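Please open the model in your viewer and keep the selection tool at hand. The stops that follow say what to select next and what is found there.

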Amino acid sequence: MAPSSSLLLGLKLSMGFLAAAWVSFWILKPTKTWKRSWHLAEELANDTFLRDCGLNVVVFCLPVMGLAILAFIHMHFHQERKQRKQTRSWDAAFYRPIIVKSLIGVISLGELLAVSLFLCFVFWIYYSDVSSDFKKLVPYASLNLNRWQLKVMNLGIRAGTVSEVCLAVMLFPILRGMSFLRIFGIQFEAAVRYHTWIAHAFLWLCTLHGVIIMFIWGQKKVLLKEITTWQRVGRVNLAGAVGLIAGLAIWITSLPVIRRKYFQLFYITHHTYIVFIGFFLLHAGEKHFYLVFSGVFLFSLDKVLCFIQSRREVCIVSARVLPCKAVELILPKEPSMKYKPMSTIYLKVSSISKFQWHPFSITSSCYQDEKNVSLLIKCQGKWTEALYSKISSIKDEKLDQLKSLIVAFEGPHGPSSSLYERYSNLVLIAGGSGITPFMSLLNEISSRSNSTRSYPTKILLIYCIKRTQDLSMLTPISSLLHPRKLKNFNMKIFVTQDEESPGTAELLDEALQLEMFTFGTERSHISVGIVQEGLLWRATVAALSFAVFLVSLVLLSNIFVHQVHGKPNRKAYPSWINELLVLTAFIIAMSCSAVATVLFRHQNSRKEHKDIKYSESTKQKSNYETDQKCSSPIRPEIYFKQRPIFSDVLSDISNESTEDENIGVFVCGPDSMKESVASFCKGNPKIDNSKNGSSSSFVFHSVNFSL
């Protein structure tokens, strides 16, 4: 039964309240009123079973965890809604490109507002802390600092304090299965950019924090002593130095010039985030760690769930080798698993590499084929070259029954809602492998065109390729080149480097009729198919694991931390005892979530386990050949030795419009392509049609694809 509007509205209001509460805590934290009230609240909490550690977790972690849990519930119920949401003018304005620069890419109005608010938020916290410190300079007992040294020291310390704001939100954009940002329609690949921005700011502040403090130590000639001493009580400077080194290693290897050339080094170094977070806990102490713990907790829970899912393996059902050095793979999945268009799946082929995982855009629709999911993989590196060679060699074997090829998977991950449904007029612009996300979108529209939901009624696909042989990339959507499959669908293809040859039409027909070949299925019992826990389960496991952490932490604190006159006797034991209790409670919570997930998956597999009998249709040729007998295909317009002039193409679309409407423009391809289209949408937010008096607004959407 579809959920009521009042339920969804209640969930939205609750999420808004929790988000506002969390932000308010951060804004009020530097003020005198908060500090005075907070000390009193901690004293009162120490008189109860909750203790001050429980109070910190409830105040600074519970709002974010509650927000994530409610977001999963909202996304679950929102998927059942049949109502189509039109893009309003003020809504479309948030997608309008404002900054189009080669260095930073395309930034929309919504992104610019979010960045501006975040910078104001960070500046307020830094200003409040520094101004409060300057009004009352407290000398350090171990250092004989003059007034200016005290001020500089406080500037450095507060740079570290404000870096905690960045760390608190830095991990949210790179969550996969546990990502609650999908409620805003943000894909994982697009959110990585936000993670990069925040990480740059965070590491700049961390470096500033470390350099300023070490400069003052150098001035007082105590640098070596301070940086090598492991303090029994309070902040551990050595832990801070180790954490900073780990952070700088991650930062340097993530720079584009190094990441692109030495990806394996970047990948391995990035996993030292475990070292960084651990030493951050030891350096800052448990109370500062609670400020950022919600992001760390969700990120760790996400990793646990992804690891459990990745332990399952499936056999490839069938494959197709394309002339453009690409392969199409068909993998089995559970019929109950649903995913949105433009979703991504992570793949590992142990026979190629036991450790490398690579993301790929799904090209099929879950409504098109309930038992299978398809991927289109083009050779772009050593791993994909090895996969192409392996598939080609298996195809060339003259055997009655081809051997099986086993892969591990993780995903799929994608947006919670389909933005394309908001538009009746859709323009898809792709370059090279950027066509793959749009394949799932087109297959979704085609397979559900007769449903009660409203879908775009007019679609134009503009596809740019370098060589004529790249036309074979269209093979997975060959069946859509028929009027009965997808109405009002047109395609313009631009071949930028090759000239037209006499056999181009025949080459396109041959490419679209390439045969699938079926793999052996004698080992298909390894797994029934790809399956993923639903959104309600993610909400449940998030609530369960957080409750276990809170209860474990409070119990451990009451058992091992003794109090004197209602306060923890911190002088009786070293500071690392508190950090150890936090770590222990964290491990208990993650272990419980892992056990619960394994049991849940096992129970579901027992209920749904059945042998998948692959139909003989996989051995047939593509749907193109079957449909060809029924109707003549649509011939796409092919332009050779030229590039599209997007301003002319989009202006023509506006002139053909007969009513005021928003036209959705989705672009997936090189940055230069996105910037060119974004520049047009920025300079022409609304175009008037002189013929009929209507006006059209182009709403720009940048799509990231995975190879």
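**A tour of salt bridges**

Begin by selecting Glu111 and Arg193, which form a salt bridge whose closest N and O atoms are 2.7 Å apart; a salt bridge here is a side-chain nitrogen of Lys or Arg within 4 Å of a carboxyl oxygen of Asp or Glu. This pair links distant parts of the chain, 82 residues apart, with Glu111 in helix α6 (residues 109-135) and Arg193 in helix α8 (residues 188-219), where helices (H or I, at least four residues) are DSSP runs numbered from the N terminus. Glu111 counts as buried at 14% relative accessibility, whereas Arg193 is partly exposed at 24% (buried means under 20% relative accessible area, exposed over 50%, partly exposed in between, with a 1.4 Å probe and protein chains only).

This is a predicted model, in which local features need pLDDT of at least 70 and side-chain atom pairs count only at pLDDT 80 or more, while totals for chains, interfaces and linings use all residues. Residues are numbered from 1 along each chain as its sequence is written, and side-chain values use heavy atoms, with hydrogens and water left out.

Next, select Lys287 and Glu42, whose side chains meet in a salt bridge at 3.1 Å, N to O. Lys287 lies in helix α14 (residues 286-310) and Glu42 in helix α2 (residues 32-46), so the pair ties together parts that are 245 residues apart in sequence. Lys287 is partly exposed at 30%, but Glu42 is buried at 8%.

Finally, select Glu328 and Arg320, which form a salt bridge with the closest N and O atoms 2.7 Å apart. Glu328 is buried, with a relative accessible area of 5%, and Arg320 is buried, also with 5%.

How values were computed:
Helix = DSSP H or I, 4+ residues; strand = E, 2+ residues; numbered from the N terminus.
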